[in-house]
Amino acid sequence: MSQHQVEIPRWIDLVVLPLFNLALAFGVSAIVLLAIGQSPLQVLALLVKGSFGSAAGISYTLYYSTTFVFTGLAVAVAYHAGLFNIGGEGQAMMGGLGAALVGLAFGAHWPAWLLLPAMVLAAMALGVLWAAVPGVLQAYRGSHIVITTIMFNFIASALLIYLLVNVLKEPGNMSPETRAFGAAAQIPGMHAVLGALGVEWPRTPLNASVLLALAALVATWLLLWRSQAGYALRAVGHSPDAARYAGIRPRTQIVVAMAISGALAALVGINEIAGVHNRLIADFVAGAGFTGIAVSLIGRNHPLGIALASLLFGALYQGGAELAFEIQGFSRDMVFTLQGLIVLFAGAMAQVAAPWLARAWWAVAPRPRAAALPEAAHG
Amino acid sequence: MDELALALGTIIASTLRVATPLILCALAGTLSERSGVIDLGLEGKMLATAFCAASVAVASGSLVLAIGAAIALGIALSMLHGFACVSHRGDQVVMGMAITMTAAGLTVVLGIAWFKQGGQTPPIPDAVRLDAWFEGPAAALAKVPLVGPVVGGGLLGHTAFVYLALALVALVWWVLYRTRLGLRWRATGENPAMVDAAGVSVLGMRYLALAGNGVLAALAGSYLVLALNPQFIPNMTAGRGYMALAAMIFGKWHPLGALLACLLFGFLDALAIRMQGAVLPAWLGGGAVPVQAMQALPYVLTVVLLAGFIGRAYAPKALGTAYVKER
């Protein structure tokens with residue numbers, strides 16, 4: 001338990017350590033699979049086949065990944081401002097609600113080129129609202145953001161269900177869901193987009209939101225590392241006091257970071273509500289906000305890492321769904337278990353392995369000064 | 001009048017039943033947070049120990065083994081929590097999320113593999129379940145008007161864990177505020193460097209608090225399957241761990257405050273269940289009672305409190321920060 005941080009080469013810290021922690025999580029999952037009498041190798045093979053083995057599989061994988069890009073980025077942006085936003089779940093619900101309100105109100109009247117951007121903006125606006133309130137409370141009242149965002153998840157869920165059951169429900173429909181918004185409110189599926197370009201692609205839930213996810217990845221990278229605003233945000237996350245001396249207002253940055261974070265999480269509502277369901281349903285977020293935490297942790301809070309981690313989790317969700325059909329007794333909850341283990345090893349215990357890896361590295365690393373040192377010591 | 005008394009008794013009874021796991025869980029949170037360790041893993045610890053208690057109860061048919069196994073698992077999870085966050089200074093919030101997420105997945109995976117009932121355990125045999133206490137006095141009181149339904153129906157005839165939870169509130173209060181151990185625990189949460197300087201191990205204090213936290217969370221989990229529900233159901237905690245966390249904050253990190261908050265939250269829940277489908281009086285618009293608003297009220301109240309609009313909740317000063325000894 002030495003307090004001296006052993007120097008680690010950057011590439012080990014950024015690449016080997018996450019992969020090592022990921023391998024640990026997979027290893028423990030393999031032990032669980034063995035314990036319940038299933039073959040980890042068979043599961044892995046089927047997982048890969050289900051998620052990447054066919055065009056439809058890849059398409060589903062990308063559809064899940066789209067959602068995780070949004071929630072992963074949401075966690076990462078807040079993280080860079082020194083905040084832990086656990087509220088992605090609630091912010092995503094509000095995003096779906098925002099999209100739905102516009103879809104219900106104008107779905108029959110507006111053309112798609114006006115309606116779809118309006119839905120995206122409405123989703124982001126409600127997401128911003130739902131994240132900025134905890135942000136303001138943290139910045140100006142000192143309320144712990146982790147607790148307030150958790151509370152806001154529950155409040156969002158209660159609000160969504162109240163609205164669905166009492167206000168927005170389609171008359172005559174037994175389940176709590178709204179009526180369909182209409183064709184203009186449907187974000188085109190990728191089979192249609194690629195079909196227009198002459199590429200044949202199977203019909204899946206994958207829709208043009210995936211392009212929005214790509215744009216969000218690039219925009220977040222530009223914002224955080226290539227803009228003054230992003231610099232101010234990261235400065236506050238790194239050291240609020242130093243930032244204040246540099247003329248940056250930490251309170252404003254906290255609210256701004258949460259607002260951006262909420263807007264990103266809200267886009268889940270676009271992928272699910274505008275892209276797939278075309279109506280508001282109750283449980284369209286289904287834990288994606290929490291998956292975003294795992295995605296951001298394993299992606300080291302960087303857009304590139306988040307893109308890769310989202311692909312990983314998209315593949316796990318799609319592969320897991322396939323596996324539940326293929327193997328008797330396999331439950332998709334195995335994927336949730338793995339997700340929890342990834343948060344455990346890559347998040348909470350990330351630094352447990354670091355000193356060990358560092359020592360392993362220095363044992364084998366080339367040492368340019370090693371030959372000169374003994375002479376100096378004797379002299 | 002009798003009807004009112006009967007309704008009052010029913011509400012009191014269901015408030016106590018709903019509040020019991022919250023009380024146990026909030027006490028667990030109070031212990032660890034007072035020593036400086038955030039516990040967002042309460043939900044997961046409760047879920048995992050509930051599954052453990054149910055599985056062992058079904059497999060062994062022994063109440064003692066079921067509760068014992070749950071407590072052992074609770075302590076083990078808390079020690080893992082300590083290993084990651086106290087010894088290795090991992091992020092406490094992330095650790096809590098990890099425990100909760102893993103527990104939510106693993107309980108279902110193992111449940112399906114072992115019992116093949118979609119993640120549920122078989123119903124736990126009556127012989128293993130917790131008995132009702134004070135049923136005799138309750139029956140004796142039943143004839144008495146007013147007192148019978150309210151006291152007999154409301155306060156008596158619950159399972160042992162309901163009374164145990166109330167007793168544990170007193171015990172935790174006594175330990176925290178009347179013993180040397182409690183003073184050290186609270187000091188560890190406020191100013192660990194001072195505790196260290198006094199020659200007391202900060203890490204030891206935090207591990208000890210976490211052990212107590214594991215036991216209490218395990219009791220909460222056991223109560224869910226041995227008293228409240230007939231068997232384990234996937235994700236049966238349904239946010240109770242977070243509500244307990246809210247109650248702990250609402251109670252300002254004090255065992256008695258947590259008790260009152262849990263009773264309030266339990267009451268709201270009992271009322272919400274009772275009001276399901278009821279209609280508002282005409283002067284309030286006459287629509288259906290917004291049950292969801294009552295269910296969301298504990299969280300809203302906690303946010304308002306945290307924002308400092310109804311009194312101020314001060315968290316332990318060193319909460320969430322790992323202790324690094326100066327060299």
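**A helix pair and its chain**

In chain B, helix 2 (residues 42-60) packs against helix 3 (residues 63-87) at an angle of about 150°, the two axes being 8 Å apart. That angle makes helix 2 of chain B roughly antiparallel to helix 3 of chain B, a label given to angles over 145 degrees. The crossing of helix 2 of chain B and helix 3 of chain B is right-handed. From helix 2 of chain B the contact includes B:K45, B:A48, B:C52 and B:V56, and from helix 3 of chain B it includes B:L63, B:I67, B:L73 and B:L77, where contact requires C-beta atoms, placed from the backbone, to lie within 7 Å. The residues of this contact divide into 13 nonpolar, three polar and one charged.

This is a predicted model, in which local features need pLDDT of at least 70 and side-chain atom pairs count only at pLDDT 80 or more, whereas totals for chains, interfaces and linings use all residues. Residues are numbered from 1 along each chain as its sequence is written, while chains are lettered from A and ligands numbered from 1 in the order in which they are written.

Taken as a whole, chain B has 13 helices and zero strands, counting DSSP runs of H or I with at least four residues as helices and of E with at least two as strands. The radius of gyration of chain B, taken over C-alpha atoms, is 21 Å, close to the 20 Å that the globule rule (2.2 Å times the number of residues to the power 0.38) gives for 327 residues, so chain B is as compact as a globular protein of that length.

Technical notes. Axes are lines fitted to C-alpha atoms, for helices over the stretch in contact, and angles run from 0 to 180 degrees between N-to-C directions. Angles under 35 degrees count as roughly parallel, over 145 as roughly antiparallel, 65 to 115 as roughly perpendicular and the rest as oblique. A crossing is left-handed if the near helix is turned anticlockwise from the far one by less than a right angle, and right-handed if clockwise. Two residues are in contact if their C-beta atoms, placed from the backbone, lie within 7 Å. Ala, Val, Leu, Ile, Met, Phe, Trp, Tyr, Cys and Pro count as nonpolar, Asp, Glu, Lys and Arg as charged, and the others, Gly among them, as polar.
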